Structures are given as C-alpha cells and as structure tokens.
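Me: I have a structure to go through with you. Can we start with the overall picture and then look at some residues?

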Amino acid sequence: MGETITIRTPDGDFDAYLARPAAASAPAIVVLQEIFGVNAVMRQITDDLAAAGFIALCPDLFWRIEPGIDITDHSEAEWKRAFELFNAFDVELGMKDSAATVGHARHLAGASGKVGAVGYCLGGLLAYLTATRTDADAAVGYYGVGIENRLAEADRLAAPLMLHVAEEDQFTPKPAQALILAALKNHPQVTLHSYPGRDHAFARVGGEHYDAADAALANGRTLDFFRKAL
C-alpha cells in the first residue's frame with residue numbers, strides 16, 4: 001500500500017514510509033517510531049491511518065545512527081539492538097527530523113495543510129515534544145518514555161495533545177505517571193487517558209503486552225481526536 005519517499009534536510013536526507021488514502025485531499029499524520037525502526041508494526045499503523053482517511057508517513061528517525069533499521073520485538077538479540085539504538089539516539093536531533101517531517105507533510109501532493117503526529121514508546125516522547133516545539137496541529141503519544149523529565153515544556157503547548165498512559169508501564173513507573181498527571185491534567189490543550197492493568201506497548205499488535213480491547217479503545221480515541229483536530 002505504501003511507498004518510500006525521501007525527506008531532504010540541511011543535515012542530510014532520510015527516508016520515510018508514505019501511505020495515501022483514497023481521497024484526493026486529506027490531512028497528514030506523521031507516525032513516530034518505536035525503538036525497532038520503521039518496521040512492519042510501524043508500516044501497518046501508517047497503512048491503517050491511510051485507510052482511515054489520512055495521508056500518513058513514518059520517518060526513519062534512526063538514520064543518523066544507521067539508516068533502514070527494521071527489527072522486531074521477537075528475539076533477545078533484537079531487543080538488545082533496540083536498546084542500543086535507544087541509548088544512541090539524540091532526542092534533540094530526532095526532533096529536528098520530526099519537525100522537518102511535519103513541514104514536508106504539509107506540502108505533499110493532496111495534503112490539506114493540516115498535520116498531526118502520533119508516536120509510540122520513544123515516539124510517544126517525540127510526539128509530546130512535537131506538540132511543544134513545532135507547528136503541528138495536533139499530537140498523540142502512546143506510553144511515551146521520559147515525558148516526566150520535560151514537563152516544563154508544556155507551557156509551550158498551543159495545539160491539542162492526547163496522551164495514552166499504561167498504568168503498569170515498566171518504563172514509566174507510578175511516580176513518573178503521577179508527575180505527568182499533576183502537570184498536565186488541567187492543561188486546556190491536553191487530554192489524558194489512563195489504562196488500568198496495561199503495561200508498556202499494550203497497543204503493539206503481536207507484542208507481549210498487547211491487549212486487543214484497550215488497543216482498540218485507544219486507537220478509536222486517537223482517530224476521533226485527529227478527525228476533530230485536523
């Protein structure tokens with residue numbers, strides 16, 4: 001369904017997976033990856049957003065480390081590699097690439113001009129930062145890792161942000177969740193959804209902690225949010 005495109009920046013060029021809807025014109029959504037690269041899970045999410053009526057594109061945010069990372073969560077070796085990539089990843093440079101992708105998405109053929117961002121895990125943090133640092137029109141973060149360390153940036157939120165929080169998230173423990181809740185629960189731009197009993201990556205199809213019911217609930221909320229905001 002999708003194709004690979006190139007996004008050109010002053011720092012270099014990187015690829016993105018692009019999927020298009022049936023409509024001739026549509027808003028765009030940037031899909032911000034987990035720590036496994038632009039893999040089958042990310043491409044499926046991108047395809048699903050296109051099927052739901054959006055232009056969707058998933059940039060290769062690991063390109064500065066190694067272009068074309070495409071691994072799974074199914075083996076110990078791949079998990080080890082994923083965490084190596086996570087530890088090597090420069091969030092500030094990643095945000096430059098996220099902002100460049102948002103800008104690119106506005107001017108794709110058939111794009112309406114409105115652009116959202118949705119991210120998972122590492123991408124969940126980047127979605128939050130995309131909301132605070134770029135001109136994206138809306139953003140959604142699923143179980144973002146490290147948001148509690150960057151809550152001061154919420155003062156810059158000018159567009160709607162939705163966060164999906166897994167209450168048993170091993171990478172965002174209860175004290176971190178409490179900080180996020182306290183800082184954002186009354187913010188006029190923020191919608192928080194909490195999922196009791198769910199662990200990190202509960203919406204990753206095929207993952208160890210996947211929960212079909214809560215994944216469907218979260219994804220439905222995300223689509224409704226983007227349809228309203230974009």
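Predicted model: local features only at pLDDT ≥ 70, side-chain atom pairs only at ≥ 80, totals over all residues.

Me: Fine. How many helices and strands does the protein have?

Reply: It has six helices and eight strands. Read along the sequence, they follow the pattern β-β-β-α-β-α-α-β-α-β-β-α-β-α.

Me: What share of the residues is buried?

Reply: Buried residues make up 55% of the 230. As for contacts with a separation of 6 or more, 68% of them are between residues 24 or more positions apart.

Me: What about the surface and the charges?

Reply: The accessible surface comes to about 9800 Å², and carbon and sulfur atoms account for 53% of that. There are 19 positive and 30 negative side chains, with the centres of the two sets 6 Å apart.

Me: Switching to aromatics. How many aromatic pairs are there?

Reply: The count comes to eleven aromatic pairs. One of them is Phe-83 with Phe-171, a tilted pair at 6.1 Å centre to centre and 55° between the planes.

Me: Why tilted?

Reply: Because planes under 30 degrees apart count as stacked and those over 60 as edge-to-face, with the rest called tilted. The 55° of Phe-83 and Phe-171 falls in that remainder.

Me: Where do those two sit?

Reply: Phe-83 is in helix H2 (residues 76–88), while Phe-171 is in the loop between strand S7 (161–166) and helix H5 (174–184). The pair therefore ties together parts that are 88 residues apart in sequence.

Me: How exposed are they?

Reply: Phe-83 is partly exposed, with a relative accessible area of 32%. Phe-171 is partly exposed too, at 31%.

Me: Which residues form the aromatic cluster with them?

Reply: Tyr-143, Tyr-195 and Phe-202 form one cluster with Tyr-120 and Tyr-142.

Me: New topic. Where is Gly-116, and what does it touch?

Reply: Gly-116 is in strand S5. Leaving aside residues up to four places away in sequence, Gly-116 touches Ala-28, Ile-29, Val-30, Ala-138, Phe-226 and Leu-230.

Me: Buried or exposed?

Reply: Gly-116 counts as buried, at 0% relative accessibility.

Me: Last one, Ala-22. Where does it lie, and is it buried or exposed?

Reply: Ala-22 lies in the loop between strand S2 (12–19) and strand S3 (26–32). At 87% relative accessibility, Ala-22 counts as exposed, because the cut-off for exposed is over 50%.

Me: How far is the Ala-22 C-alpha from that of Phe-54?

Reply: The two C-alpha atoms are separated by 8.9 Å, and the residues are 32 apart along the chain.

Conventions
Residues numbered from 1 in each chain as written. Heavy atoms only, no water. Phe/Tyr/Trp six-rings, centres within 6.5 Å; stacked < 30°, edge-to-face > 60°. Helix = DSSP H or I, 4+ residues; strand = E, 2+ residues; numbered from the N terminus. Buried < 20%, exposed > 50% of the residue type's maximum accessible area, 1.4 Å probe, protein only. Contact = heavy atoms within 4.5 Å. Areas by Shrake-Rupley, 256 points an atom, 1.4 Å probe, with all protein chains shown as cover. Lys, Arg positive; Asp, Glu negative; His and termini not counted. Charge placed at Lys NZ, Arg CZ, Asp CG, Glu CD.
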